[in-house]
There are 2 protein chains.
Amino acid sequence: MAGSNFVSEIFLFPLSGKIAPILAMATEIKAEPAMVLAGVLLSLVAIYIASKAGGEFFNWLGFPPVLGELVGGVVIGISALNLVIFPENGVDSSASIIVKMLELTAGLAPDAAEVTFQAQSEVLEVLAEIGVIILLFEIGLESNIKDLMQVGVQSLVVATVGVTLPFVAGTAGMMGIFHVSAVPAIFAGAALTATSIGITSRVLTEINRLNTKEGQIILGAAVIDDVMGIIILAVVASLAKTGEVDIINAVYLIVSASVFLVGAVLLGRFFNDTFIFFAEKFKTRGRAVIPALTIALFMSYVGAAIHLEAILGAFAAGLVLDNLHETEVGRELEKLILPISDVLVPIFFVTVGAKTNLGVLNPAVPANREGLVIAIFLIVVAIVGKVACGFSVFGLGNVNRLAIGVGMVPRGEVGLVFAAVGSASGALSPALDVAIILMVIITTFLAPPLLRVVFGEGEPEAEEVPETSG
Amino acid sequence: MAGSNFVSEIFLFPLSGKIAPILAMATEIKAEPAMVLAGVLLSLVAIYIASKAGGEFFNWLGFPPVLGELVGGVVIGISALNLVIFPENGVDSSASIIVKMLELTAGLAPDAAEVTFQAQSEVLEVLAEIGVIILLFEIGLESNIKDLMQVGVQSLVVATVGVTLPFVAGTAGMMGIFHVSAVPAIFAGAALTATSIGITSRVLTEINRLNTKEGQIILGAAVIDDVMGIIILAVVASLAKTGEVDIINAVYLIVSASVFLVGAVLLGRFFNDTFIFFAEKFKTRGRAVIPALTIALFMSYVGAAIHLEAILGAFAAGLVLDNLHETEVGRELEKLILPISDVLVPIFFVTVGAKTNLGVLNPAVPANREGLVIAIFLIVVAIVGKVACGFSVFGLGNVNRLAIGVGMVPRGEVGLVFAAVGSASGALSPALDVAIILMVIITTFLAPPLLRVVFGEGEPEAEEVPETSG
């Protein structure tokens, strides 16, 4: 159809879409906001279909729904349908089916395909991040700071053992058994230390075990593990890059993490009072969610700005809003955050699945065959090391130590980050890279069903839809 | 602090943040996802504070909250604090206070400031778009297709008269009184035709008048007006660009708009049945909102892909899910969509305010003084033309024709698009550009309080927080 490119340049986006492309005409090719929007919308449709199809199917099979969301993501991602893929997968726009659909249905110009793909991926990644921010905020709201503090020492021990054991065993094994040199061996060992708070906490919520003693120990240990993981990655990455350990960085991260977490707890009362003060005064729509979300986003920003993680800020924000049950707006908030979380959180899990490249299982590639052997070793260390850490819990009588260990197993998105940083730094051979990714996949996908088994059956609310959620 | 740049490059973003910058190191400067995320988070904090401060204050003054959100946006936007600003305002990263804060607090490298600003703006614009998509979906859900159809002819007449009167009077006046040549005069006339569905429908909801006969006529007319506006903008823009009217484009838009709207209504039953089928079968979280949102996002995509607007698709999707009250999941959905809307919609309104440049009021600039005179003329035509169209309603006895006319007055974001396209195409003189922007500002900010006045007092629910919303 004649003139269709002109129309697509000018008329698709009600706001800036009509402006930006014209302003940009004289300069280089920029992504048209209209096309970026269309690409994001289509990606979200694919993400939601994958999340519900996967989640419902796995729930019906008796597995945790989150596993289905991950698998749904794998199906629409880089491993299969190539609908939701990202530049970090090492692909460009020509691999993206969504971009192809935009070219076919919306008149996307071929020379704008790459910038559109880049911009659309950026937006989806921020949406996924906001998803996991909301998840951790919700988990924080559901947790009780006193319960967490009560098992704080146990959490610290579990995290420390769960980091040390796999790291030492992994590094030693790589050097001793596989004769890998020191830096890549340390990298592989470091990748074994991660624990995915997101996956662990979501499964705990789904099987209704978050507020048990075991759940609180796992949650606390996962948070500490996350901080340790950030520090380890900093140290290992600088080692891989310069051959030296950057002590100043490591100290800076340790100090800022401590100050942040202690500061968040100390500021808790202030945030709490601020929230209740405003939420009770407000009379217009969003009176409870907007103040709460503002606190959560601000804390996430601080977490990111001081070189920790946004999700740690979100969790801290949820945690400090802790006497919600005592106020009307507080109870309102706990109910209202659920649909927001239902809409945003799946974007995160599907995206994690979508980025997972099962291509490493292809035995036709030599590095994959070699990687498979190393992977078997890494997987054993990964599982045994974390399960063992559960048994380091002391001073508590009737506590399910096996469940605690299993709860620490999933590496999830954190493990993928280690693999990607290692691969990009050139420290890892292709085979070792494949092995780490396989270890991450297996631990991530194995943990949710295992957790359900070790916690035993008889969780009445596990498969029901909460009344307030939909 | 030593090594901070390295840390900020590698460790801020839990997922791709750690990967993408490393992958990009070898090539040109790319935006670090970690910094983009931090920028988006900080912008959202500013947006939510502005929306609540503005909304609550204006509600307390007796004005519609949405006006306060617009004003809050003006305060944090290009006119005042420069917190939330966009490249389309003609500024670069050096003007953005958020970018400055990232440099100060998060160690953003100065040479990455521009790409971060661009990427962050892209994300915020998509979030704002998703906000207005959710708003129109919610408005569609609250509307009844039968009620809309019943007043369909009246809506069509109101829209046609409301487009024709201001267009003819505006163009003639510009040529006759101000001796402007044909193309810019037609552009100014065209800018007078717009109506902002977003602002109008939000105010109607706030004063609890959406489901009155007047409300349905306004809503229907605003939708038709939006379609007409897209076609007019296409024609006028091609006229400004090539000096000729692109008939093929215009016909294509008319045909695709008609097919889309009729098709949406015809497919309504299918979408409705699909939604209820899946929502009732699903057992995991998000069982009602995810299927509904998937339909809404898909229809929005189609609206965008066929060169109409995403929001028209969202409205159609809400409209066709019409027998919700009869099912349990339907009633659930209507309750659950509220908090999602509460969180996303303010991003849109605050952004509209933030993009509005009150700098055009500065009398020190000669073009502004000249513009002010033209603006007075345009504002009179803008208000009189739309108010008059309300009186074209026929065949209905006791209906508030003045209210219908006033409901069509706000130009909002649609008017800003006309001004920006005109300005970018070079067809408009600076004075005429200023005049159009002033006209958009005045009609947008005047309409909400006027609407409340002409609908009369005594709306008991207007200032209360609905029980299900927070």
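Mentor: Start with a definition. Two residues are in contact if their C-beta atoms, placed from the backbone, lie within 7 Å. Keep in mind that this is a predicted model.

Trainee: In chain A, what share of contacts between residues at least 6 apart in sequence join residues at least 24 apart?

Mentor: The share is 73% in chain A, counted among contacts between residues at least 6 apart in sequence.

Trainee: How many helices and how many strands does chain A have?

Mentor: There are 19 helices and zero strands in chain A. The radius of gyration of chain A is 23 Å, and the globule rule gives 23 Å for 470 residues, so chain A is as compact as a globular protein of that length. Along the principal axes, the C-alpha trace spans about 75 × 65 × 50 Å.

Trainee: What percentage of the residues in chain A is buried?

Mentor: Apply the cut-off: a buried residue has 20 or more other C-beta atoms within 10 Å of its own. Of the 470 residues in chain A, 65% are buried.

Trainee: Which domains is chain A divided into?

Mentor: Domain 1 covers 4-124, and domain 2 covers 131-348 + 357-454. Their centres, taken over C-alpha atoms, are 28 Å apart. The contact takes 15 residues from domain 1 and 16 residues from domain 2.

Trainee: Which helix gives the most to the side of domain 1 that touches domain 2?

Mentor: That is α4(A), with six residues. Both α3 (33-61) and α4 (65-76) of chain A supply at least two residues of that side. By class, the side has 10 nonpolar, three polar and two charged residues.

Trainee: Is α13(A) mostly covered or uncovered?

Mentor: Mostly covered: 17 of the 17 residues of α13(A) are buried. After α13(A) comes H307(A), with a positive phi near 70°.

Trainee: Where is F394(A) found?

Mentor: F394(A) sits in the loop between α16 (366-390) and α17 (401-407) of chain A. E206(A) is 188 residues from F394(A) along the chain, and 27 Å separate their C-alpha atoms.

Definitions and conventions
Residues are numbered from 1 along each chain as its sequence is written. Chains are lettered from A and ligands numbered from 1 in the order in which they are written. This is a predicted model: local features need pLDDT of at least 70, side-chain atom pairs count only at pLDDT 80 or more; totals for chains, interfaces and linings use all residues. Helices (H or I, at least four residues) and strands (E, at least two) are DSSP runs, numbered from the N terminus. A residue is buried if 20 or more other C-beta atoms lie within 10 Å of its own, exposed if 12 or fewer, and partly exposed in between; C-beta atoms are placed from the backbone. The radius of gyration is taken over C-alpha atoms; the globule rule is 2.2 Å times the number of residues to the power 0.38. Domain bounds come from an automatic or database domain assignment. Ala, Val, Leu, Ile, Met, Phe, Trp, Tyr, Cys and Pro count as nonpolar, Asp, Glu, Lys and Arg as charged, and the others, Gly among them, as polar.
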